[in-house]
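Morning, everyone. I have one structure to walk through today, and I will keep it brisk.

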Amino acid sequence: MKTQGENIMNQNKCPVGLTRRELLARSTAAGASFVIGAGFLASPNAAWAIETAVLKPESMAALVQMARDIYPHDKVGDEYYVIALKGYDSESTAPAVESGIEKLNARARAAGYENYVSVGWEEDRVAILRSIEEEAFFQQIRGGLVTGLYNQKEVWPIFGYEGASFEYGGYIDRGFNDINWL
Amino acid sequence: MTAKFDHSDDSVVVVIGTGAGGGVLSNELAQKGISVVALEAGDRHYPEDFINDEWESFGQLAWTDARTTSGDWRVAKDFAGLPAWIVKSVGGTTQHWAGASLRFQEHEWKAKTTYGEVSGASLLDWPIDAAEMDPWYTKAEDKLQVTRTGNRPGLPGNNNFRVFEKGAKALGYKNVHTGRMAIASRDDSDRIMCQQTGFCFQGCKWGAKWSAGYHDIEQGEATGNLEVRPGSHVARILHDDSGKVTGVEYFDKEGNLHFQKARIVCLAGNSFESPRLLLNSASSMYPTGLANSSDQVGRNYMRHMTGSVYAVFDKPVKMWRGTTMAGIIQDEAGHNPSRGFVGGYEMETLSLGLPFMAAFLNPGAWGREFTTALDAYENMAGMWLVGEDMPQATNRVTLNTDVKDQWGLPVANVHFDDHPNDIAMRNHAYKQGTAVYEAVGATRTFPTPPYPSTHNLGTNRMSAKPEDGVVNKWGQTHDIKNLFISDGSQFTTGAAENPTLTIVALAIRQADHIAREMSAKNL
């Protein structure tokens with residue numbers, strides 16, 4: 001558990017190239033992200049953008065959608081999911097991811113859609129994921145997200161979690177017993 | 001003042017492990033003028049080194065050497081390589097423990113007599129009882145400065161406790177308070193009081209919580225009679241033709257093998273590593289492993305009936321603020337078979353940070369049912385359920401010769417199946433824990449499965465008769481008189497209480513016995 005998660009976390013410590021860029025984009029069919037030319041992927045609201053090194057940008061877009069469907073948090077922006085997944089964009093990991101995404105797209109096509117990200121409703125995408133949830137690819141992505149997503153300190157405030165407290169002197173004078181609605 | 005003993009010095013007592021058992025035993029022996037070499041697989045970590053970050057701290061402190069699992073317990077599926085969340089460090093798991101320090105109840109020393117025959121369980125009475133242990137418990141409480149013992153006040157209740165307490169009282173529970181905790185509730189000469197920081201499991205950065213690592217080990221070293229060798233992984237215990245142990249072979253950090261001679265060897269490596277070492281020390285004289293003529297080494301592994309209940313409310317709780325486990329309901333701790341099971345359980349406040357909540361709330365779960373729970377993290381309260389589980393001969397630690405650790409030694413396989421009594425107790429505890437929170441208006445509750453084990457007990461159990469267990473009432477092995485077991489693996493049964501205080505009390509008592517026997521030239 002720790003090994004896989006922490007390895008992925010460590011991979012994510014390398015620069016991820018998040019930038020805000022003006023977009024001249026064409027969107028994919030119905031997904032939340034845009035593919036702009038070779039290797040460039042950005043969100044429609046310009047909150048994040050990455051250049052993929054090895055993965056096809058469409059595959060990274062599908063991976064982000066898949067991650068959102070596994071651990072959907074409507075208040076958590078795509079950029080945090082991208083950070084959690086960026087480690088898969090490497091020579092050693094990309095082939096398995098491309099293969100996994102292709103199988104995912106094949107399932108979507110079998111269900112009558114163009115590909116995974118073009119499935120409009122989360123419920124329908126989740127049904128596709130349920131059909132592969134025992135497979136290694138799904139479990140690798142899911143397992144990696146447990147630490148890759150939730151262990152980002154930048155994500156914690158979205159959930160109200162305050163993180164380390166020692167440097168602030170603990171909570172002895174900062175509300176350890178401040179509940180006021182009981 | 002730190003002592004330095006020669007490898008060929010056969011007058012020393014070698015203690016393997018420096019946690020609640022080994023760390024305390026080392027200090028207690030050193031205080032009596034006995035020369036001790038303590039071999040510890042982990043490194044030294046002091047309060048200033050601890051990290052207020054769950055995963056980073058896990059990487060710093062947790063024992064992550066290879067282990068394997070089998071059996072029907074869910075941990076074997078969700079955390080197949082991590083049967084336990086315990087620590088590799090000077091101070092062992094006392095660096096990480098929550099601090100809950102409870103005495104066994106009187107009847108729990110006599111589980112077989114009290115509960116009678118339980119099908120499938122290998123229950124046994126301890127060869128010691130509450131009266132025998134009373135003075136040792138008092139010494140242990142004073143050493144750990146346990147709140148609500150002596151004249152030490154209780155800790156103040158945090159937000160998580162206040163929700164828990166209100167629910168408990170609404171339900172009619174009477175025995176609810178902020179616990180008996182080895183955490184300073186006032187400033188003392190050698191300890192700063194609890195600063196309500198949280199992160200008790202990550203090591204207390206104030207040193208307000210007792211840990212063998214920065215209390216007993218430092219005190220022992222100050223006597224000049226204790227040498228601690230961190231980074232020492234013991235591979236084998238050796239013996240002579242008469243069957244007595246002569247010392248131990250261990251790897252240092254660089255992988256060099258050393259032999260340390262010993263007059264007495266005390267094994268306190270926890271309930272996985274202690275039986276593993278006995279089994280890995282098999283010889284032509286002891287072909288099934290040391291101290292194993294009974295075939296009991298590794299058997300009767302207990303991990304407590306555990307589980308958690310988390311609940312979401314319509315307003316914030318911020319359960320992570322303050323002492324992690326300073327809250328207890330003891331009304332279900334007694335033996336009341338009308339509930340459908342023998343033995344009892346404690347309910348104790350608990351919180352996890354967001355990263356660990358994501359990993360442990362419902363391992364493997366995904367989708368909105370799971371993520372909406374985390375969305376409400378700020379509004380969550382939590383409790384841990386801990387009760388007596390049934391010893392079973394087939395729940396056991398064995399050697400997995402297919403998997404080797406970094407030293408090439410077969411690793412421990414941990415096999416565990418829940419006993420029907422464990423399941424009945426867990427279901428009852430889930431129901432009661434849920435009721436506590438519903439009584440304060442919980443909008444959603446989560447019966448959360450057991451985490452990797454923190455209480456690991458029983459794999460070298462204490463017994464009156466040599467054929468029933470591995471050690472006698474002093475923790476001395478039935479087979480080899482200068483070989484002792486000094487950790488939780490000597491537990492005959494698990495009782496409902498967090499085990500550290502009892503491990504400490506047994507270690508203090510064992511030190512007294514060893515010193516007496518050494519003086520009398522019996523050892």
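Chain B carries 12 helices and 17 strands. Keep in mind that this is a predicted model. How compact is chain B for its 523 residues? Its radius of gyration is 22 Å. The globule rule gives 24 Å for that length, which is close, so chain B is as compact as a globular protein of 523 residues. Along the principal axes, the C-alpha trace of chain B spans about 70 × 50 × 45 Å.

Now to a sheet in chain B. Five strands form an open sheet here, and the pairing is parallel. Reading across, the order is E5-E2-E1-E9-E17. Which strands stand at the edges? They are E5, residues 226-229, and E17, residues 483-485, both of chain B. Each has a single partner strand, so one side of each is left without a neighbour in the sheet. From one strand to the next, the twist averages 20 degrees.

Let's zoom in on one pair. Strand E1 of chain B covers residues 13-16, and strand E9 of chain B covers residues 264-267. The two run in the parallel sense and are joined over 4 bridges.

Over to chain A, and a pair of helices. H2 of chain A spans residues 57-70, and H4 of chain A spans residues 94-110. They pack at an angle of about 70 degrees, with their axes 10 Å apart. Angles of 65 to 115 degrees count as roughly perpendicular, and H2(A) and H4(A) are therefore roughly perpendicular to each other. The crossing of H2(A) past H4(A) is left-handed.

Who makes that contact? From H2(A), we have Ser59(A), Ala62(A), Leu63(A) and Met66(A). From H4(A), we have Val97(A), Glu98(A), Ile101(A), Leu104(A) and Asn105(A). By class, that contact has 6 nonpolar, 2 polar and 1 charged residues.

Last stop, where the two chains meet. How many residues of each chain are in contact with the other? For chain A it is 31, and for chain B it is 40. H6(A) supplies the largest share, with 3 residues. By class, that side of chain A has 18 nonpolar, 9 polar and 4 charged residues.

That's my tour. Questions, please.

Methods:
Residues are numbered from 1 along each chain as its sequence is written. Chains are lettered from A and ligands numbered from 1 in the order in which they are written. This is a predicted model: local features need pLDDT of at least 70, side-chain atom pairs count only at pLDDT 80 or more; totals for chains, interfaces and linings use all residues. Two strands pair if DSSP finds at least two bridges between them. Axes are lines fitted to C-alpha atoms, for helices over the stretch in contact, and angles run from 0 to 180 degrees between N-to-C directions. Two residues are in contact if their C-beta atoms, placed from the backbone, lie within 7 Å. Ala, Val, Leu, Ile, Met, Phe, Trp, Tyr, Cys and Pro count as nonpolar, Asp, Glu, Lys and Arg as charged, and the others, Gly among them, as polar. Angles under 35 degrees count as roughly parallel, over 145 as roughly antiparallel, 65 to 115 as roughly perpendicular and the rest as oblique. A crossing is left-handed if the near helix is turned anticlockwise from the far one by less than a right angle, and right-handed if clockwise. The radius of gyration is taken over C-alpha atoms; the globule rule is 2.2 Å times the number of residues to the power 0.38.
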